[in-house]
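Here is a short briefing on one helix and the residues around it. Have the model open beside you as you read.

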Amino acid sequence: RYSHPEGELATARAAAGLGVTMVLSSGTHTPVEDVIAAGGRPVWFQLYVLKDRGLTQTLVERVQAAGVTAL
């Protein structure tokens with residue numbers, strides 16, 4: 001959303017329209033659940049491992065539950 005007000009949601013819709021995979025960064029401004037709802041699949045998740053490993057584990061579980069297809 002640094003460059004466009006719809007940010008990751010617009011990217012997800014465009015990727016889905018072209019039938020290509022979207023890669024969503026863990027630095028996203030938009031919840032992964034909203035990105036998947038906007039564009040469907042496939043969505044891959046680029047994970048930045050945090051110093052707090054418990055928080056990292058929680059994030060991994062959340063994106064898996066949301067339906068990302070690769071981590």
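Helices here are DSSP runs of H or I with at least four residues, numbered from the N terminus. By that count, Thr 56 belongs to helix H3. Please keep in mind that this is a predicted model.

**Length and ends of H3**
- Helix H3 takes in residues 53-66.
- At the start of H3, the backbone nitrogen of Gly 54 has a side-chain oxygen of Asp 52 within 3.0 Å.
- After H3 comes Gly 67, with a positive phi near 110°.

**The buried side**
- Which residues of H3 are buried? They are Thr 56, Leu 59, Val 60, Val 63 and Ala 66.
- These residues lie on the same side of H3, because they cover an arc of only 130° around the axis.
- Helix H2 (32-39) and strand E2 (43-46) are among the elements that cover them.
- Thr 56 has 7% relative accessibility, and since buried means under 20%, Thr 56 counts as buried.
- Beyond its neighbours within four places in sequence, Thr 56 makes contact with Leu 47, Val 49 and Leu 50.

**Away from the buried side**
- Gln 64 and Ala 65 are exposed, on the face of H3 turned away from its buried side.
- Glu 61, also placed in H3, has 44% relative accessibility and therefore counts as partly exposed.
- From Glu 61 to Thr 28, the C-alpha to C-alpha distance is 16 Å, with the two 33 residues apart in sequence.

How values were computed
Residues numbered from 1 in each chain as written. Predicted model: local features only at pLDDT ≥ 70, side-chain atom pairs only at ≥ 80, totals over all residues. Heavy atoms only, no water. Helix = DSSP H or I, 4+ residues; strand = E, 2+ residues; numbered from the N terminus. Buried < 20%, exposed > 50% of the residue type's maximum accessible area, 1.4 Å probe, protein only. Contact = heavy atoms within 4.5 Å. Arc of directions from axis to C-beta. Polar contact = N/O pair within 3.5 Å; in protein donor to acceptor, adjacent residues only side chain to side chain.
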